Amino acid sequence: NMDTTMIILAVIIIIILAIVLYLISGYNGLVNARNRVKNSYSQIDVQLKRRNDLIPNLVETVKGYAGHENVTKARSGLMNAGSVKEVSEANNALTGALTSLFAIAENYPELKADQNFKELQSELTETEDKISYSRQFYNDAVLMYNNKCEQFPSNIIAGMFNFKEADFFEIASGEREAPKVQF
């Protein structure tokens, strides 16, 4: 009788310990995934700051040519953006303004030949590539984190501890379309 009670008590304790260990493990997994999202977003932020630091030099180089005002305005929008969605939209606007500026520069041979302009264009292109890679890494981290927040049974832990889904870093809708090639 006493042995049966001890066995039942031991089984109950083992079940409670298993549940507690599962909750701890699930919680730590969600924290780890959320921190991976934050870290990968900071990598995007580093590249955006690098690009923002290059733009005043570019604007100074192209002053007097058409298009630099749009770059300045778009840069200001990015610097004032707060959420991932706002930063994503402002980044898309700045990328579009830079693309337009480089297209306009094709009409000015003396600007295209300017060594400072060439170097800035090269650095900005390299930075755009790094932003693209960082964005991909961030979106992969968001996908893993959001899956943990949505999939059973970790969604129960996510709900209990108020883990919210993260936003993806979106590209501009125009970038999704296939480019038109004409001959």
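**Figure 1. Surroundings of Leu-78 in the predicted model.** Leu-78 touches Leu-48, Arg-51, Asn-52, Val-87, Ala-90, Asn-91 and Leu-94, leaving aside residues up to four places away in sequence, where contact means heavy atoms within 4.5 Å. Leu-78 lies in helix α2, which covers residues 68–79; helices (H or I, at least four residues) and strands (E, at least two) are DSSP runs, numbered from the N terminus. With a relative accessible area of 6%, Leu-78 is buried, a class that means under 20% relative accessible area, as against exposed for over 50% and partly exposed in between (1.4 Å probe, protein chains only). From Leu-78 to Asn-28 the separation is 50 residues in sequence and 33 Å in space, taken C-alpha to C-alpha. Because this is a predicted model, local features need pLDDT of at least 70 and side-chain atom pairs count only at pLDDT 80 or more, whereas totals for chains, interfaces and linings use all residues. Residues are numbered from 1 along each chain as its sequence is written, and side-chain values use heavy atoms, with hydrogens and water left out.

**Figure 2. Asn-91 and its contacts.** Asn-91 is found in helix α3, residues 84–105, and is buried, its relative accessible area being 1%. When residues up to four places away in sequence are not counted, Asn-91 touches Leu-48, Arg-51, Leu-78, Ile-131, Arg-135 and Phe-169.

Figure 3. A search of the whole structure finds 5 aromatic pairs, where rings of Phe, Tyr and Trp (its six-membered ring) pair if their centres lie within 6.5 Å, and planes under 30 degrees apart count as stacked, over 60 as edge-to-face and the rest as tilted. One of these is the edge-to-face pair of Tyr-27 and Phe-161, with 4.8 Å from centre to centre and 70° between the planes. This pair links distant parts of the chain, since Tyr-27 belongs to helix α1 (residues 2–62) and Phe-161 to the loop between α6 (154–160) and α7 (173–176), 134 residues apart. Tyr-27 is partly exposed at a relative accessible area of 31%, and Phe-161 likewise counts as partly exposed, at 40% relative accessibility. The rings of Tyr-27 and Phe-163 have their centres 5.6 Å apart and their planes at 70°, so that pair too is edge-to-face. It also links distant parts of the chain, with Tyr-27 in helix α1 and Phe-163 in the loop between α6 and α7, 136 residues apart. Phe-163 counts as buried, at 7% relative accessibility. Tyr-27, Phe-161 and Phe-163 form one aromatic cluster.

**Figure 4. The protein chain around these close-ups.** The secondary structure of the protein chain comes to 7 helices and 0 strands. Its C-alpha atoms fill a box of roughly 100 × 35 × 25 Å, taken along the principal axes. Of the 183 residues of the protein chain, 32% count as buried. Among contacts between residues at least 6 apart in sequence, 74% join residues at least 24 apart.
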